[in-house]
Amino acid sequence: MYEPELEPLGGGIQLNGGLASLASVLSSDEVSELLRVCVGMSGVISNTYVTEENEMDQLLSLDAEEALRRVDDLYLKELGVVSSVTILRSTLLKFLISKCEEKKKKGDGVEFELKEEKVVRVDARPEEVFVTMEGDGKEKAYDLVLGCDGLSSEVKSSLPELRSSSIYSGLRILYSVSEPYEWKGGGAAEGLGRKKKLRQFFGEGCYQLKGTYGYDSEKVCDMSAIVYKGNKRGENTAWEKEDLYEDFVRRSKLVGGSREDAADEKSSKFIELGVYFHNPFNKWSNDFNNVILAGDSAHAMPPFLGQGGNQGMQDGVMLGKLIGEGVEGEVLAKQFRRRWRKTTLITAKSIFLGYLETGGGKVADFRDNFFRFAGKVGLARKVFVDGATPFPSPREIWDGVGEVGLLEQLQLALQVVKDPTQFMEDE
């Protein structure tokens with residue numbers, strides 16, 4: 001595993017289907033250990049800011065626990081909890097690395113080596129894949145390379161048959177993350193004793209999400225994200241508060257937040273990023289089937305359904321199980337490609353939600369009415385459950401089915417354009 005940044009400054013992640021997939025490869029004790037550093041995501045409350053009256057109007061309230069408890073793959077029966085939590089990315093990464101290192105020490109058949117190095121080039125040949133590292137510039141040979149290195153993947157850009165540009169959505173996100181602070185509610189020792197709802201706020205031309213994310217068993221962090229339309233430009237990846245604090249406060253006021261509420265003194269990290277996604281018809285594996293892309297490298301998607309990290313976790317679990325069963329080459333690539341339909345539908349829905357949630361004028365009016373209606377008739381619950389449900393089921397990773405064919409891909413694309421609502425689960 002090559003990971004150039006083991007202490008990432010990233011924000012939080014919502015886990016549901018990703019947690020369910022992880023639970024299929026971890027013991028109950030290990031899942032309990034993970035839950036102790038998470039915050040249970042018990043639901044979502046959506047509000048719109050009525051400028052004329054200077055007050056909030058609640059559009060919907062989603063009970064995540066009630067919705068997910070009905071889905072076998074999302075209800076962890078042994079622990080009596082649903083797969084719906086929030087956690088900081090850095091905390092999750094440290095936990096996963098620690099589990100790999102523990103299994104290596106126990107001699108559980110796991111060979112694990114972690115290097116804090118950056119991959120700068122990949123050269124694939126029929127029998128081997130050569131990886132060049134930053135620094136010494138030496139090549140190392142491998143049988144199989146999994147490119148999980150994100151939107152601007154070096155693995156992807158190194159191979160002509162995989163190389164492609166990401167698509168800019170026209171939307172930008174301002175993130176604010178607080179310093180860790182002690183959770184006052186108690187109950188952390190009980191796994192999901194710490195529970196909190198995510199809160200959405202809609203305004204004229206922008207949208208804000210607020211939540212609390214697990215840092216460790218005693219502390220949590222607050223994260224807030226403001227989404228708005230903006231031109232493509234360089235990213236502020238240094239988390240510099242001075243550059244973005246005033247802009248964050250100004251935009252927060254558009255959704256009814258006060259200066260104090262927008263970004264209090266606990267918020268010390270700020271970052272602004274553009275929202276990008278990949279063309280879903282891009283290839284996920286090279287011509288020799290010994291380089292496979294996963295996560296954002298394969299199917300980067302807008303974050304408006306909270307599914308980017310979840311889909312990446314499901315990719316990892318599926319690939320791990322298939323490789324563990326000796327599946328390789330073209331069969332491995334085709335089996336993994338079964339995840340294409342799921343990730344493509346989530347990408348399409350996320351794009352739609354992103355433009356809807358940041359609309360102004362008549363679009364904003366339609367947005368508010370849409371969310372109010374979606375909450376009343378159960379549509380919001382269906383969209384949430386559909387995105388959260390892992391595919392394939394963690395219990396049925398292998399079924400011998402081949403890759404989704406080009407004809408089916410084209411048919412699906414036409415269906416999505418014609419009527420996206422048909423892919424939301426029915427009762």
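Glutamate 139 and arginine 121 join their side chains in a salt bridge of 3.2 Å, N to O, a term that here requires a side-chain nitrogen of Lys or Arg within 4 Å of a carboxyl oxygen of Asp or Glu. This pair links distant parts of the chain, with glutamate 139 in strand S9 (residues 139-142) and arginine 121 in strand S7 (residues 119-124), 18 residues apart. Glutamate 139 is partly exposed at 40% relative accessibility, and arginine 121 is likewise partly exposed at 40%. In these terms, buried means under 20% relative accessible area, exposed means over 50%, and partly exposed lies in between (1.4 Å probe, protein chains only).

The model is predicted: local features need pLDDT of at least 70, side-chain atom pairs count only at pLDDT 80 or more, and totals for chains, interfaces and linings use all residues. Residues are numbered from 1 along each chain as its sequence is written, and side-chain values use heavy atoms, with hydrogens and water left out.

**Salt bridges**

Across the whole structure, a search finds 18 salt bridges. Three of them are set out below.

| Glutamate 139 | Arginine 121 | 3.2 Å |

Because glutamate 30 lies in helix H2 and lysine 103 in helix H4 (residues 89-106), the pair ties together parts that are 73 residues apart in sequence. Helices (H or I, at least four residues) and strands (E, at least two) are DSSP runs, numbered from the N terminus. Helix H2 spans residues 28-35. Glutamate 30 is buried, at 10% relative accessible area, whereas lysine 103 is partly exposed at 23%. Leaving aside residues up to four places away in sequence, glutamate 30 touches Phe95, Lys99 and Lys103, where contact means heavy atoms within 4.5 Å.

Glutamate 102 and lysine 99 both belong to helix H4, three residues apart, about one turn of the helix. Lysine 99 is buried at 4% relative accessible area, while glutamate 102 is partly exposed at 32%.

**Nonpolar cores**

A nonpolar core is a set of buried Ala, Val, Leu, Ile, Met, Phe, Trp, Tyr and Cys residues joined through side-chain atoms within 4.5 Å. The largest such core has 39 residues, of which Leu68, Phe371 and Phe384 touch the most other members. Helix H13 (residues 379-388) gives the most to this core, with six residues. Beyond four places in sequence, phenylalanine 384 touches Asn16, Met41, Leu62, Ala64 and Leu68. A second, separate core of 23 residues includes Val131, Leu159, Ala298 and Phe336.

**Overall architecture and confidence**

The protein has 14 helices and 17 strands. Of its 427 residues, 50% count as buried. Among contacts with a separation of 6 or more, 73% are between residues 24 or more positions apart.

The mean pLDDT (the predictor's confidence in each residue, from 0 to 100) is 86, and 86% of the residues reach 70 or more. Confidence is lowest in helix H7 (residues 259-262), at a mean of 50, and highest in strand S17 (residues 291-293), at 97. Over residues 399-404 pLDDT stays under 50, and the model has 12 contacts beyond four places in sequence for that stretch. For residues 423-427, where pLDDT also stays under 50, the model has 16 such contacts.
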